[in-house]
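Thank you for making the time this morning. I would like to go through one structure with you, beginning with the overall fold and then moving to a few individual residues.

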Amino acid sequence: MSGRNKEFDERSALADATEVFWVKGYESASTEDLLQAMGINKGSMYNTFGNKRELFRQVFDEFSKKSAVRIKATFDKHKNPVDAVKEMYRDVTRPADPMEHQKGCFFIKILSEMSGMDEEMAAIARQKMLEVEAIYLVYMKKGIKEGYLKGNIPPETLAKYLMNMWNGISISRRIYGKKDLEKMVELNLEIFKGA
């Protein structure tokens, strides 16, 4: 005898759970919050995703995969990787959804929440951020190889700089308005003039 057919879309449910975790954080997101957002019952959640922690891991993995695809796509549409960097960081100052500023960066939010509280989850968040850094590194090396960057700053340092810049902007966008953010982003991008 086969099991009951699922009456919900798993990807859609994961996207809905992502919003809950992003806005409330891991600890503050209750199972009821998640069930309500996903539009499913407890049995469906446990049978499909497992408990809250397992659901969170799946949410985080899915979010990471989508982020990596988006970052690579931005780099791939530009010959010069510096143009891709400019696009990504300037886009932070003009989100399509104004709530984006208040939510901040999902990776950073989770790393901040989990550090010192749940080392296993903090390690996962750190690893996902290092994966983003690795993507930056590939394109910084490409920029040097193809002559878009002078090589005055090692590509490893540039990749770390981009991560540091992202971390700072992700906090600052919850504090400052558009004009101040634009000035900060442009100031941070100045490094590429001599890189």
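Which pattern does the protein follow when it is read along the sequence? It runs α-α-α-α-α-α-α-α-α-α, and the secondary structure accordingly comes to 10 helices and 0 strands. Please keep in mind throughout that what you see is a predicted model.

Let me stay with the whole chain for a moment. The C-alpha trace spans about 65 × 40 × 35 Å along its principal axes, and of the 195 residues in the protein, 43% count as buried. If we take the contacts between residues at least 6 apart in sequence, 65% of them join residues that are at least 24 apart. As for the surface, the protein exposes about 10800 Å², of which carbon and sulfur atoms supply 52%. Turning to charge, there are 32 positive and 29 negative charges, and their mean positions are 4 Å apart.

Now to the individual residues, starting with Glu 62, which sits in helix α4, the helix covering residues 52-76. Is this side chain's residue buried or exposed? Glu 62 counts as buried because its relative accessibility is 16%, and the cut-off for buried is under 20%. Setting aside residues up to four places away in sequence, Glu 62 touches Arg 11 and Leu 14.

The second residue is Arg 90, in helix α5, which is made of residues 81-92. With a relative accessibility of 28%, Arg 90 counts as partly exposed. Which residues is Arg 90 in contact with, once its neighbours within four places in sequence are left aside? They are Val 185, Glu 186 and Leu 189. A related pair is Arg 90 and Met 184, which are 94 residues apart in sequence, while their C-alpha atoms are 9.9 Å apart in space.

Why does Tyr 176 count as partly exposed? It does so because its relative accessible area is 39%, and partly exposed covers what lies between the 20% limit for buried and the 50% limit for exposed.

Definitions and conventions: Residues numbered from 1 in each chain as written. Predicted model: local features only at pLDDT ≥ 70, side-chain atom pairs only at ≥ 80, totals over all residues. Heavy atoms only, no water. Buried < 20%, exposed > 50% of the residue type's maximum accessible area, 1.4 Å probe, protein only. Helix = DSSP H or I, 4+ residues; strand = E, 2+ residues; numbered from the N terminus. Contact = heavy atoms within 4.5 Å. Areas by Shrake-Rupley, 256 points an atom, 1.4 Å probe, with all protein chains shown as cover. Lys, Arg positive; Asp, Glu negative; His and termini not counted. Charge placed at Lys NZ, Arg CZ, Asp CG, Glu CD.
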